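Dear colleague,

I am passing this structure on to you, and below it you will find my notes on what was found. Please read them with the structure open beside you.

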Amino acid sequence: MKCDSLMNPEKINPSRRVHQRIPSGCAISGMMSEEGRRIDGRAVIKSIACMHDRSNGLGGGFAAYGIYPQRKDQYAFHMMYDNAKSKEITEEFFKDAFNVDRDEPIPIYRDNGVSNPPILWRYFLEIPENKLDLLSERDYVMKTVMRINSDIEGAYVASSGKNMGAFKGVGYPEDIGRFYRLEDYSAYIWTAHGRFPTNTPGWWGGAHPFTLLDWSVVHNGEISSYGINKRYLEMFGYRLELRTDTEVIAYLFDLLVRRHKLPIEKATMALASSFWKDIDRMEPEQKKIATAVRQVYGSTLLNGPFSIILGHSNGMIGLNDRIKLRPMTAARKDDMLYMASEESAIRVIAPDLDEVWSPRAGTAVVGRLSEAE
Amino acid sequence: MRIDAKGMHYRQLNKMIRDAVASGEKEFELDDIGGQRYIGGGLNENVKITINGTPGNDLGAFMNGPRVIVNANAQDGIANTMNSGEIIIHGSVGDIIGYGMRGGKLYIKGDAGYRVGIHMKEYKKQVPVIIAGGTAGDFFGEYMAGGIMILLGMNGKSPLVGDYVGTGMHGGVIYIRGKVDPYHLGKEVSCLEANEEDMKIIGSYLKEYCEHFGFDLNEVMSKSFIKLLPLSHRPYGNLYVY
């Protein structure tokens, strides 16, 4: 783990990356100003770079909220294309499905060790009124995202929310962050991920964060209930095409919070629900709620080890699996809330903290934007 | 030897320490530590290492002799398979500390995370000791095979310890200052009041512990302790035997 000089890629011998076995797990880091103060991407890169040795160069990514204030009412689609053909087909589809207000390449900085990127393009989209006769705006966007990911070969949606974006790819996270020039963006929430793929492939679309609308998830761990969760989500029109377990978490939050209107705390209760033995000991009212959540949302329970940071327009949420099989530290300083796999990754950007704690298993840490309702 | 470790990779840092130890250096002060792993790992000499900043995972792993002092919180995997020496943490620690620890002392001023002292073991005079001043998470002493753990709960938080305390425990002893709801205990432990003999053992370690952190020994000893012992030295002898 090395902080500053890792930002300089020449200092790492590339051949060592390939041949050395690196004992690691993924790394996650998130930071949020609850007052909505926007900060540039250098701090989050420094934080995730501090945990360099938790990743192996096969995936890194960031989610940023508040980055397109001039276009905050438009859906910002960050796209990844394998080739010009998939771009052309998708753009035809966009012309039909949306009013494309602007499209442009996502600015990148090539000279830093990130190789073979797909075509990276972003679109600022408005929805024609006539498309919304039968669907809400966000249901419409969700369906288009599913459609692109499953039906257009070589085209993948990296993010599709308003005033936010995901920046991800194959590489170490600090290299990916520089590649996307994150120092040029200002956000009130940043989340980051360094990947060590275990049982799913390391590819650009499979890097974290996983997103849908304004939801984004970075995840350390593996979801062994993926099959159950996937089948459940498919009943509600979600199509899981990205070959990585984390995808289910983003869609589960969309389903439970946006569509079923569960409060965030109840949604996290469904994903990391209390054990029956503990429910048996609860006070009657609490017991009733916990029992109902487990009964109704049995298929959304996430099994297996995880620590996740969820981002959305109005906040940031950290959550661990029920027996804490992955690490997570949380901290506060003034208006800032921090979460990371390791305390050192917080201290490297905020040495003096007001409060530092290890969240308990299955207990959400919730950050809220103060101006949000 | 004083090392400014700002931005230094753990390999470089630990190599510098190992090389200096090999050439006779006895005392190290590491400044601006920020997440470097394996500090003190595998060292066999009785050197002293003072750490300013947050050390990375597996602090003192396989360590055999040194005294490590951390003037901050520390992370996961401290004293992994440690054999002898002393680690003194002036703060709280993360998860899986003292995993497979087989000797030496780990003194923590604040709280400890999940899975403290999993499968600690002892052999004759090699008895590892972990003391934490605050509370601890689930799986405290899981599969513990030897050694002594003392949990003081002096941070006013409740419960003192999480679920599954001593699940699969088959050796060693756990002392907890205060009461633990039997609900939190694993099926493989019995819970007793600490007797006079136990209090002598506890007192001898706590004297040292209180000196490190400036606690008042009499005050710490004024509350009663419970003692957790394994019900069997071979709890799973009949598992998978059909």
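**Between the two chains**

Asp163(B) forms a salt bridge with Lys277(A), and their closest N and O atoms are 2.8 Å apart; a salt bridge here is a side-chain nitrogen of Lys or Arg within 4 Å of a carboxyl oxygen of Asp or Glu. Please keep in mind that this is a predicted model, in which local features need pLDDT of at least 70 and side-chain atom pairs count only at pLDDT 80 or more, while totals for chains, interfaces and linings use all residues. Residues are numbered from 1 along each chain as its sequence is written, chains are lettered from A and ligands numbered from 1 in the order in which they are written, and side-chain values use heavy atoms, with hydrogens and water left out.

Across the interface of chain B and chain A, the rule finds three salt bridges. On the side of chain B that touches chain A, the residues divide into seven nonpolar, ten polar and nine charged, where Ala, Val, Leu, Ile, Met, Phe, Trp, Tyr, Cys and Pro count as nonpolar, Asp, Glu, Lys and Arg as charged, and the others, Gly among them, as polar. In terms of contact (heavy atoms within 4.5 Å), 26 residues of chain B meet 25 residues of chain A. The area buried between the two chains is about 2200 Å², of which carbon and sulfur atoms give 41%; buried area is the accessible area (1.4 Å probe) that two parts lose on being put together, summed over both. In chain B, Arg37(B), Tyr114(B) and Tyr183(B) lose the most area to chain A, together 24% of what that side buries.

Asn57(B), in the loop between strand S3 (48-54) and strand S4 (64-70) of chain B, touches residues of both chains, including Arg54(A), Glu342(A) and Arg37(B), not counting residues up to four places away in sequence. Helices (H or I, at least four residues) and strands (E, at least two) are DSSP runs, numbered from the N terminus. Asn57(B) is buried, with a relative accessible area of 10%, where buried means under 20% relative accessible area, exposed over 50%, and partly exposed in between (1.4 Å probe, protein chains only).

**A helix in chain A**

Helix H7 (residues 247-259) of chain A has 13 residues and reaches 17 Å from its first C-alpha to its last, close to the 18 Å expected at 1.5 Å a residue, the expected span being 1.5 Å times one less than the number of residues. Twelve of the 13 residues of H7(A) are buried, so the helix is largely enclosed by the rest of the structure. What covers these buried residues includes helix H4 (137-151), helix H6 (226-234) and helix H8 (264-271) of chain A. Asp139(A), Asp254(A), Arg258(A) and Arg259(A) are linked in a network of salt bridges.

**Other salt bridges**

A search of the whole structure finds 33 salt bridges over all chains. One of them joins Glu137(A) and Lys162(A), with the closest N and O atoms 3.1 Å apart; Glu137(A) lies in helix H4 of chain A and Lys162(A) in the loop between strand S7 (155-159) and strand S8 (164-169), so the pair ties together parts that are 25 residues apart in sequence. In chain B, the side chains of Asp19(B) and Lys15(B) meet in a salt bridge (2.8 Å, N to O), and both residues lie in helix H1 (residues 10-22), four residues apart, about one turn of the helix.

With best wishes
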